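Subject: Structure handover

Hello,

Please find the structure below, followed by notes on what was found in it.

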Amino acid sequence: MARRAIYPGTFDPLTNGHVDIIARACQLFDQVIVAILINQGKQPMFSVEERIEILNAALGPRFPQVVIETFEGLLVDYADQKQAHAIIRGVRSIKDYEYELPMVLMNRRLNPRVETVLFVAAEENSYVSSSLIKEVFNLGGSIEGLVPEIVLKRMKEKSS
Ligand code: PNS
(Lines give C-alpha, C1' and ligand atoms only; values in the text may rest on other atoms or scores of the structure.)
Protein backbone atom coordinates (compact mmCIF):
# COMPACT_ATOMS: atom_id res chain seq x y z
CA MET A 1 0.00 0.00 0.00
CA ALA A 2 1.35 3.43 -0.95
CA ARG A 3 2.21 5.53 2.10
CA ARG A 4 0.73 9.01 1.81
CA ALA A 5 1.60 12.00 3.98
CA ILE A 6 0.29 15.53 4.19
CA TYR A 7 2.59 18.49 4.78
CA PRO A 8 0.25 21.36 5.73
CA GLY A 9 1.17 25.00 6.06
CA THR A 10 0.80 28.56 4.87
CA PHE A 11 3.92 28.58 2.66
CA ASP A 12 3.83 32.38 2.34
CA PRO A 13 6.45 32.16 1.00
CA LEU A 14 8.01 28.72 0.52
CA THR A 15 11.49 28.69 2.10
CA ASN A 16 14.48 26.38 1.78
CA GLY A 17 13.51 25.14 5.25
CA HIS A 18 10.21 23.85 3.85
CA VAL A 19 12.03 22.29 0.88
CA ASP A 20 14.40 20.50 3.27
CA ILE A 21 11.45 19.00 5.19
CA ILE A 22 9.77 17.95 1.93
CA ALA A 23 12.99 16.23 0.78
CA ARG A 24 13.15 14.30 4.06
CA ALA A 25 9.47 13.34 3.86
CA CYS A 26 9.94 12.10 0.28
CA GLN A 27 12.50 9.57 1.55
CA LEU A 28 9.89 7.99 3.86
CA PHE A 29 6.61 8.37 1.98
CA ASP A 30 5.46 7.35 -1.49
CA GLN A 31 3.35 10.47 -1.88
CA VAL A 32 3.62 13.80 -0.09
CA ILE A 33 0.70 16.20 -0.43
CA VAL A 34 1.89 19.73 0.26
CA ALA A 35 -1.36 21.31 1.43
CA ILE A 36 -1.75 25.09 1.51
CA LEU A 37 -4.17 26.28 4.18
CA ILE A 38 -6.80 28.64 2.82
CA ASN A 39 -6.93 31.14 5.68
CA GLN A 40 -9.39 33.96 5.03
CA GLY A 41 -8.20 35.78 8.15
CA LYS A 42 -4.60 36.29 7.07
CA GLN A 43 -3.32 38.97 4.68
CA PRO A 44 -0.74 36.99 2.66
CA MET A 45 2.11 38.24 0.49
CA PHE A 46 1.16 35.74 -2.23
CA SER A 47 -2.41 34.70 -3.09
CA VAL A 48 -3.29 31.01 -2.84
CA GLU A 49 -3.20 30.77 -6.65
CA GLU A 50 0.28 32.33 -6.75
CA ARG A 51 1.51 29.96 -4.04
CA ILE A 52 0.17 26.92 -5.93
CA GLU A 53 2.05 28.09 -9.03
CA ILE A 54 5.26 28.81 -7.09
CA LEU A 55 5.18 25.49 -5.22
CA ASN A 56 4.55 23.56 -8.43
CA ALA A 57 7.45 25.33 -10.17
CA ALA A 58 9.85 24.92 -7.24
CA LEU A 59 8.98 21.37 -6.23
CA GLY A 60 7.52 19.67 -9.32
CA PRO A 61 10.76 19.04 -11.24
CA ARG A 62 12.68 17.89 -8.14
CA PHE A 63 10.11 15.74 -6.32
CA PRO A 64 7.91 13.59 -8.59
CA GLN A 65 5.98 12.20 -5.61
CA VAL A 66 4.88 15.65 -4.41
CA VAL A 67 1.36 16.92 -5.10
CA ILE A 68 0.30 20.51 -4.34
CA GLU A 69 -3.22 21.04 -3.00
CA THR A 70 -5.24 23.44 -0.84
CA PHE A 71 -7.46 22.75 2.13
CA GLU A 72 -9.94 24.49 4.42
CA GLY A 73 -11.34 23.46 7.77
CA LEU A 74 -9.91 20.83 10.07
CA LEU A 75 -6.62 19.30 8.97
CA VAL A 76 -7.54 15.86 10.31
CA ASP A 77 -10.76 15.84 8.25
CA TYR A 78 -8.74 16.68 5.16
CA ALA A 79 -6.23 13.94 6.08
CA ASP A 80 -9.11 11.45 6.33
CA GLN A 81 -10.54 12.57 3.03
CA LYS A 82 -7.11 12.01 1.42
CA GLN A 83 -6.64 8.68 3.21
CA ALA A 84 -3.30 9.97 4.49
CA HIS A 85 -1.28 7.97 6.99
CA ALA A 86 0.60 10.88 8.43
CA ILE A 87 0.79 14.62 8.92
CA ILE A 88 4.29 16.04 8.45
CA ARG A 89 5.63 19.06 10.31
CA GLY A 90 9.13 20.45 10.64
CA VAL A 91 10.73 21.56 13.90
CA ARG A 92 13.70 23.91 14.07
CA SER A 93 13.86 24.48 17.81
CA ILE A 94 12.30 23.82 21.19
CA LYS A 95 10.06 26.83 20.51
CA ASP A 96 8.72 25.08 17.40
CA TYR A 97 8.21 21.90 19.41
CA GLU A 98 6.17 23.83 21.97
CA TYR A 99 4.05 25.28 19.16
CA GLU A 100 3.62 21.89 17.47
CA LEU A 101 2.93 19.69 20.52
CA PRO A 102 -0.59 20.99 21.33
CA MET A 103 -1.51 20.62 17.64
CA VAL A 104 -0.15 17.06 17.54
CA LEU A 105 -2.15 16.11 20.64
CA MET A 106 -5.33 17.88 19.54
CA ASN A 107 -5.13 16.29 16.09
CA ARG A 108 -4.56 12.89 17.72
CA ARG A 109 -7.61 13.42 19.96
CA LEU A 110 -9.71 14.45 16.96
CA ASN A 111 -8.51 11.59 14.80
CA PRO A 112 -6.26 8.89 16.36
CA ARG A 113 -5.86 7.18 12.98
CA VAL A 114 -3.61 9.94 11.65
CA GLU A 115 -0.10 10.04 13.07
CA THR A 116 1.97 13.25 13.11
CA VAL A 117 5.63 12.90 12.15
CA LEU A 118 7.94 15.74 13.23
CA PHE A 119 11.05 16.16 11.10
CA VAL A 120 14.05 18.04 12.46
CA ALA A 121 15.14 20.75 10.04
CA ALA A 122 18.70 20.96 8.72
CA GLU A 123 20.94 23.13 10.92
CA GLU A 124 21.53 25.65 8.16
CA ASN A 125 17.78 26.30 7.94
CA SER A 126 17.13 26.39 11.66
CA TYR A 127 16.61 30.16 11.75
CA VAL A 128 14.68 30.48 8.47
CA SER A 129 10.97 31.25 8.72
CA SER A 130 8.50 32.72 6.21
CA SER A 131 7.80 35.69 8.48
CA LEU A 132 11.51 36.51 8.91
CA ILE A 133 12.05 36.15 5.16
CA LYS A 134 9.26 38.68 4.48
CA GLU A 135 10.51 41.11 7.11
CA VAL A 136 14.13 41.06 5.90
CA PHE A 137 13.09 41.31 2.25
CA ASN A 138 10.67 44.20 2.90
CA LEU A 139 13.43 46.08 4.72
CA GLY A 140 15.84 45.62 1.81
CA GLY A 141 17.99 42.81 3.24
CA SER A 142 19.28 39.87 1.22
CA ILE A 143 17.37 36.58 1.40
CA GLU A 144 19.45 34.92 -1.31
CA GLY A 145 20.09 31.24 -0.60
CA LEU A 146 17.25 31.06 1.92
CA VAL A 147 14.37 30.60 -0.52
CA PRO A 148 14.10 28.81 -3.89
CA GLU A 149 15.09 30.96 -6.93
CA ILE A 150 11.49 31.19 -8.16
CA VAL A 151 10.37 32.61 -4.79
CA LEU A 152 13.10 35.27 -4.86
CA LYS A 153 12.14 36.18 -8.44
CA ARG A 154 8.43 36.48 -7.56
CA MET A 155 9.13 38.52 -4.44
CA LYS A 156 11.28 40.94 -6.47
CA GLU A 157 8.54 41.22 -9.11
CA LYS A 158 5.97 42.00 -6.41
CA SER A 159 8.03 44.75 -4.89
CA SER A 160 9.00 46.45 -8.18
O1 PNS B 1 2.56 27.14 8.35
P2 PNS B 1 1.71 27.25 9.57
O3 PNS B 1 0.94 28.54 9.53
O4 PNS B 1 2.49 27.09 10.85
O5 PNS B 1 0.65 26.03 9.53
C6 PNS B 1 -0.33 25.87 10.52
C7 PNS B 1 -1.32 24.74 10.16
C8 PNS B 1 -1.84 24.92 8.76
C9 PNS B 1 -0.63 23.39 10.27
C10 PNS B 1 -2.49 24.79 11.21
O11 PNS B 1 -2.93 26.12 11.32
C12 PNS B 1 -3.67 23.90 10.81
O13 PNS B 1 -3.58 22.71 10.85
N14 PNS B 1 -4.79 24.55 10.42
C15 PNS B 1 -5.98 23.86 9.97
C16 PNS B 1 -7.12 24.01 10.97
C17 PNS B 1 -7.02 22.96 12.06
O18 PNS B 1 -7.09 21.78 11.84
N19 PNS B 1 -6.83 23.46 13.30
C20 PNS B 1 -6.64 22.63 14.46
C21 PNS B 1 -5.16 22.30 14.66
S22 PNS B 1 -4.92 21.33 16.10
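Phe11 counts as buried because its relative accessibility is 3%, where buried means under 20% relative accessible area, exposed means over 50% and partly exposed lies in between (1.4 Å probe, protein chains only). This is a predicted model, in which local features need pLDDT of at least 70 and side-chain atom pairs count only at pLDDT 80 or more, while totals for chains, interfaces and linings use all residues. Residues are numbered from 1 along each chain as its sequence is written, and side-chain values use heavy atoms, with hydrogens and water left out.

Phe11 lies in the loop between strand 1 and helix 1. Helices (H or I, at least four residues) and strands (E, at least two) are DSSP runs, numbered from the N terminus. The phi of Phe11 is near 50°, which is a positive value in a residue other than glycine. Most residues other than glycine have a negative phi, and most peptide bonds are trans.

The peptide bond that joins Asp12 and Pro13 is cis, with omega about 0°. Pro13 has a relative accessibility of 1%, so it counts as buried. Between the C-alpha atoms of Pro13 and Lys156 there are 13 Å in space, and the two are 143 residues apart in sequence.

Next, the aromatic rings. Rings of Phe, Tyr and Trp (its six-membered ring) pair if their centres lie within 6.5 Å; planes under 30 degrees apart count as stacked, over 60 as edge-to-face and the rest as tilted. Two aromatic pairs are counted by this rule. In the pair of Tyr7 and Phe11 the ring centres are 5.3 Å apart and the planes stand at 75°, so this pair is edge-to-face. Tyr7 is buried, at 5% relative accessible area. Phe71 and Tyr78 have ring centres 5.1 Å apart and planes at 20°, so they are stacked. Phe71 and Tyr78 are both buried.

Tyr78 belongs to helix 3, and its relative accessibility is 5%. Along the sequence Tyr78 and Pro112 are 34 residues apart, and their C-alpha atoms are 14 Å apart in space.

Now the ligand. Where does the ligand sit? The ligand sits in the largest pocket. On a 1 Å grid over the protein atoms alone, a pocket is an open set of points where a 1.4 Å probe fits, with protein on both sides within 12 Å along at least five of seven lines. A molecule sits in a pocket if more than half of its atoms lie within 2 Å of the pocket's grid points. Two elements give two or more residues to the shell around the ligand, namely strand 1 (4-9) and helix 4 (94-110). Helix 4 provides the largest share of that shell, with four residues.

The ligand is surrounded by 14 residues, and the closest are Thr10, Gly73, Leu75, Arg89 and Tyr99. A residue is near a molecule if one of its heavy atoms lies within 4 Å of it. An oxygen atom of the ligand is 2.8 Å from a polar backbone atom of Leu75. For the side chain of Arg89, the distance from an N or O atom to an oxygen atom of the ligand is 3.0 Å. For the side chain of Tyr99, an N or O atom is 3.2 Å from an oxygen atom of the ligand. The ligand taken alone exposes 550 Å², and the protein buries 75% of that; accessible areas come from the Shrake-Rupley method with a 1.4 Å probe.

Some single residues remain. Gln83 is in the loop between helix 3 (75-81) and strand 4 (86-91). Although Gln83 is not a glycine, its phi is positive, about 50°. Is Gln83 buried or exposed? Gln83 counts as exposed because its relative accessibility is 61%.

Ile150 is part of helix 6 (residues 149-159) and is partly exposed, with a relative accessible area of 21%. The C-alpha atoms of Ile150 and Ala57 are 7.4 Å apart, and the two residues are 93 residues apart along the chain.

Ser129 is in the loop between strand 5 (115-120) and helix 5 (130-138). At 16% relative accessibility, Ser129 is buried.

Regards

Notes:
Polar contact = N/O pair within 3.5 Å; in protein donor to acceptor, adjacent residues only side chain to side chain. 1 Å grid on protein atoms, 1.4 Å probe; cavity = no way out; pocket = protein on both sides within 12 Å on 5 of 7 lines; lining within 4 Å.
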